[in-house]
Amino acid sequence: CAPAGFGKTVVLTQTVRSFEAAEARVAWVSADEDDDLHRFLACLCAALDPFDLPWRLAPESLLASLHEGSERRAQAVDELVGALASAEVERGLLVVDDLHRIEDPAVFELLEALVARLPPAWSIAIGTRVDPPLPLLRWRAAGELVEFRQDDLRFSATDVQALVTGSARPVARRSSLTFRPA
């Protein structure tokens, strides 16, 4: 979480590279201002499509049922968790970039429910400019949250000098932020 220009997407990209190097599966969703629950879940399902997940209910049917109320939203989480749990992957990462663009509370409800039931092989990485309406304090207290904030992402004077002179790799400091899959 940091303002624009602090390299959140760069850190997420480095995280993805470390996962891919470990032969993990990565699904990336870039949020847009007009994303509601239906569109967000459609983008997530599309990002997961290359992994040929064993859906019990086709994603199209799942998306069509979202308008039928909160029970159907809970079913969507059940289906998503079930598909992820049944996937033949050792390690997987769901990336949501630019989460600050989303205003629909139902998307955050879905994310909270998904995090609560996420299969052990899967992780979620989020890039945002502001803290999302998610239970960050609870996750932090439970040791389930790793955070990189503005101070973690800020260039040091040495980084800036290296960038200006071209004498060293200015992203070297950031590489220490890369999440390494277990």
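Mentor: Buried means under 20% relative accessible area, exposed over 50%, and partly exposed in between (1.4 Å probe, protein chains only). In α2, the buried residues are L37, F40, L41, L44, C45, A47 and L48. They line one face of the helix, because they fall within an arc of 160 degrees seen down the axis of α2; the arc is that of the directions from the helix axis to the C-beta atoms. This is a predicted model, where local features need pLDDT of at least 70, side-chain atom pairs count only at pLDDT 80 or more, and totals for chains, interfaces and linings use all residues. Residues are numbered from 1 along each chain as its sequence is written, and side-chain values use heavy atoms, leaving out hydrogens and water.

Trainee: What covers the buried residues of α2?

Mentor: Contact means heavy atoms within 4.5 Å. The cover includes β1 (25–30), α3 (59–65), α4 (70–86), β2 (92–97), α5 (105–117) and β3 (122–126).

Trainee: At what angle do the axes of α2 and α5 cross?

Mentor: Axes are lines fitted to C-alpha atoms, for helices over the stretch in contact, and angles run from 0 to 180 degrees between N-to-C directions. The axes of α2 and α5 cross at roughly 45 degrees and come within 8 Å. L37, F40 and L41 of α2 meet A106, V107, L110 and L111 of α5.

Trainee: Is D52 buried or exposed?

Mentor: D52 is exposed, with a relative accessible area of 66%. D52 lies in the loop between α2 and α3. From C-alpha to C-alpha, D52 and E88 are 9.3 Å apart in space, and they are 36 residues apart in sequence.

Notes:
Helix = DSSP H or I, 4+ residues; strand = E, 2+ residues; numbered from the N terminus.
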